[in-house]
Amino acid sequence: MTDIPHNQTTTAGAFRADDLPPDRSREALRYLLRDKKAVFGAVVLSVLIVSALLAPWIVPYDPEAMDFGMMEGISWAHPLGTDDLGRDLLSRLIYGARISLLVGFSTVAISLVIGVILGVAAGYFGGITDMVIMRYIDLQWAFPNFIIAVYLVAVIGQGLLNVIIAISLAFIDDFARIVRGMVLSIREEQYVDAAKSLGYSDARIMFRHILPNTVAPIIVQATVSVSYAILGEAGLSFLGLGVDSDTFSWGLILADSRSFISSAWWLGVFPGCFIMITVLSINFLGDALRDMLDVREVKSVGV
Amino acid sequence: MKQYIIRRLIGAFIVMWAVATLVFVMMRLVPGDPLAAMLFDAADPDMVEELRRQYGLDQPIYVQYFKWFWQVLQGNLGSSIYGSRTPVTTIIAEAFPRTMSLATLGFFFALIIAVPAGLISAIRKHSAMDHTVTVFAFIGLSMPDFWLAILLIIVFAAKLQVLPAIGYVPLSQGFWPWLSHIILPAFAIGVGFAAIITRMIRSSMLEILKTDYMRVAQAKGLREFVILTRHGFPNALIPVLTVMGIALALLLAGAVVVENVFAIKGLGRVLIEGILNRDYPVVQGAIIAVSAIFVFANLIVDLLYGVVDPRIRFE
């Protein structure tokens with residue numbers, strides 16, 4: 001006897017892509033395709049990811065080149081105009097997608113791993129471990145993520161790496177809380193008792209038997225968090241607390257052009273459009289995933 | 001109830017103590033001398049020594065901590081290292097009403113938008129109206145508040161020139177001058193919050209519409225308007241109240257950013273300027289002040305549940 005076939009046990013929101021027979025995963029895809037908002041989100045996000053990856057080959061001009069007239073309006077040559085130093089805005093914004101997506105995905109990956117470990121440990125071991133971890137999580141929970149990121153940047157300083165660290169740490173509590181809550185209920189399931197009586201190690205039970213059943217809420221939380229991480233980076237960079245001034249960041253591009261917005265509106269409008277459309281696509285996807293996976297643990301408010 | 005309040009108050013103070021301590025420790029753990037900025041104009045090593053002694057930096061860290069904490073307890077947060085060396089408490093006392101003005105008006109805007117939008121959306125579920133509201137709510141959630149602030153400045157200050165673009169005027173100098181300066185920033189802060197509340201009201205109203213007491217009200221032949229306003233809406237507000245703490249946090253976080261766009265020296269601007277200038281006493285003070293608002297606002301919201309919903313009992 002090897003593994004307990006716990007796949008069939010239905011815990012609320014239990015879902016694993018590879019658990020699904022082919023027709024169910026096709027059904028899931030069909031479900032997503034019916035949701036117009038989700039399709040919009042998926043298409044826009046794919047375009048953004050591809051253009052961020054291929055930025056050096058697809059940008060119309062060198063984003064640093066100050067070759068053009070200053071603050072030229074929209075034209076065929078410069079679809080989004082040029083900035084106060086005569087640089088092509090579209091090219092700069094395409095490069096900006098790299099930073100936004102990099103920060104969005106990397107921070108969520110980091111906070112997901114740390115948060116899940118803390119959440120599983122707290123829920124599974126209970127007692128003093130739970131108390132220590134939850135005291136910290138509760139403390140962090142009392143503050144909005146963005147404010148925590150600002151506090152952390154105040155201490156560790158600015159720059160791309162520090163921004164990633166600050167936002168990652170700020171998001172840990174969201175994951176830890178959800179995972180802990182789920183683990184507390186799953187811990188009571190019979191297959192966990194069975195695994196224990198077979199003498200499996202704690203680590204094996206936690207990561208092979210319990211964790212897979214918490215995947216659905218984690219997926220949804222991760223999606224929501226990516227959009228808030230992108231907003232967070234843009235906000236920090238806009239305030240001058242984010243990436244260095246020579247990095248392409250939508251928030252920074254917007255901040256740089258603030259003094260010129262009354263004479264060159266496109267400098268104020270387009271960088272924000274890029275941020276909004278990116279975040280909107282991810283939110284649409286997240287909402288569709290929440291419905292599809294029937295997740296209630298994650299609020300649509302990822303403050 | 002009384003016990004509950006006392007326990008929560010103690011809890012709130014413990015959180016504040018933890019925040020203050022974390023801030024103190026982190027500011028001193030960072031690589032390099034965190035107070036070096038303070039000494040930047042003192043090139044003479046003797047003078048540096050003198051200043052170190054003066055600020056007590058030559059003492060062990062736990063002595064510094066207790067001294068600092070004792071001062072904080074007495075309401076002394078030190079003074080800015082720049083210019084006229086204004087006491088941090090004075091700076092915060094000036095900034096506080098600005099941030100609260102913004103948050104309050106933002107909250108008001110949000111309710112004006114969200115309550116009707118959420119109700120219509122729930123009552124006419126899956127109508128074109130509902131879909132429109134939903135899409136707008138998503139846009140509101142996804143729009144960076146600082147960008148909305150810039151758009152508002154472009155339209156109302158630069159193009160139409162009907163509202164001032166930056167600055168703040170205290171209420172004591174007249175109602176309209178005060179209001180005109182905070183309309184745009186408050187709106188920028190309120191929109192994201194409005195989006196959240198709209199979604200909340202919609203979903204909680206949908207639940208309410210399915211309840212037995214609503215069916216009873218219908219069976220009694222009450223007019224739809226009465227059913228919705230007397231029986232439906234008040235109950236739909238309860239789940240909304242449970243996110244109020246989060247929402248308030250969101251408003252204040254929004255204020256931190258938006259104040260910087262409108263050059264309003266509220267707590268957010270003080271905090272960010274402090275960070276950019278490496279004015280550590282100010283940063284510490286601002287973090288403690290902002291944190292205190294979150295902690296006590298959450299406490300008040302929790303206590304309000306009982307007032308709004310008598311079914312909730314405090315243990």
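A:Arg177 is partly exposed, at a relative accessible area of 30%. In this predicted model, A:Arg177 makes a salt bridge with A:Asp138, and the closest N and O atoms are 3.1 Å apart.

## Other salt bridges

Over all chains, the structure holds 7 salt bridges. One of them joins A:Asp287 to A:Arg290, with 3.4 Å between the closest N and O atoms. Both residues are in helix H12 of chain A, where they stand 3 residues apart, about one turn of the helix. A:Asp287 is buried at a relative accessible area of 11%, and A:Arg290 is buried at 12%. These values fall under the 20% limit for a buried residue.

In chain B, B:Lys265 pairs with B:Glu273 in a salt bridge whose closest N and O atoms are 3.3 Å apart. B:Lys265 is partly exposed, with a relative accessible area of 39%, and B:Glu273 is partly exposed at 23%. Salt bridges with shared partners link B:Lys265, B:Arg269 and B:Glu273 in one network.

## Composition of the two chains

Chain A contains 12 helices and 0 strands, and its pattern along the sequence is α-α-α-α-α-α-α-α-α-α-α-α. It has 303 residues, of which 57% count as buried. Of the contacts in chain A with a separation of 6 or more, 74% are between residues 24 or more positions apart.

Chain B likewise comes to 12 helices and 0 strands. Its 315 residues include 49% that are buried. For chain B, 70% of the contacts between residues at least 6 apart in sequence join residues at least 24 apart.

## The interface between chains A and B

Contact between the chains involves 42 residues of chain A and 44 residues of chain B. The area buried between them is about 3,800 Å², and carbon and sulfur atoms give 82% of that area. There are 0 salt bridges between chain A and chain B, while 6 residue pairs are in polar contact, counting pairs with both residues at pLDDT 80 or more.

On the side of chain A that touches chain B, helix H6 (145–156), H10 and H12 of chain A each supply at least two residues. H12(A) gives the largest share of this side, with 12 residues. By class, the side of chain A that touches chain B consists of 30 nonpolar, 8 polar and 4 charged residues.

A:Ile261 has contacts in both chains. This residue sits in the loop between helix H11 (250–256) and H12 of chain A and is buried, with a relative accessible area of 7%. Leaving out residues up to four places away in sequence, A:Ile261 touches A:Leu267 and A:Gly268 in its own chain, and B:Ile150, B:Ile153 and B:Ile154 in chain B.

## Helix H5 of chain B

H5(B) has 15 residues and spans 21 Å from its first C-alpha to its last, close to the 21 Å expected at 1.5 Å a residue. Its buried residues are B:Asp130, B:Val133, B:Thr134, B:Ala137, B:Phe138, B:Gly140, B:Leu141 and B:Ser142. They pack against elements of both chains: helix H2 (36–53), helix H10 (215–239) and helix H12 (265–293) of chain A, and helix H4 (88–123) and helix H7 (175–209) of chain B.

B:Asp130 lies in this helix, which covers residues 128–142 of chain B, and is buried at 1% relative accessibility. The side chains of B:Asp130 and B:Ser121 are joined by a polar contact of 2.4 Å. Apart from neighbours within four places in sequence, B:Asp130 is in contact with B:Ser121, B:Arg124, B:Lys125 and B:Arg202.

## B:Met205 in helix H7 of chain B

B:Met205 is part of helix H7 of chain B and counts as buried, with a relative accessibility of 1%. Not counting residues up to four places away in sequence, B:Met205 touches B:Leu119, B:Ala122, B:Leu228, B:Gly232, B:Phe233 and B:Ala236. From B:Met205 to B:Val19 the C-alpha to C-alpha distance is 38 Å, and the two residues are 186 residues apart in sequence.

How values were computed:
Residues numbered from 1 in each chain as written. Chains lettered and ligands numbered in written order. Heavy atoms only, no water. Helix = DSSP H or I, 4+ residues; strand = E, 2+ residues; numbered from the N terminus. Buried < 20%, exposed > 50% of the residue type's maximum accessible area, 1.4 Å probe, protein only. Polar contact = N/O pair within 3.5 Å; in protein donor to acceptor, adjacent residues only side chain to side chain. Contact = heavy atoms within 4.5 Å. Expected span 1.5 Å × (residues − 1). Buried area = accessible area lost by both parts, 1.4 Å probe. Salt bridge = Lys/Arg side-chain N within 4 Å of Asp/Glu carboxyl O. Nonpolar A, V, L, I, M, F, W, Y, C, P; charged D, E, K, R; others polar.
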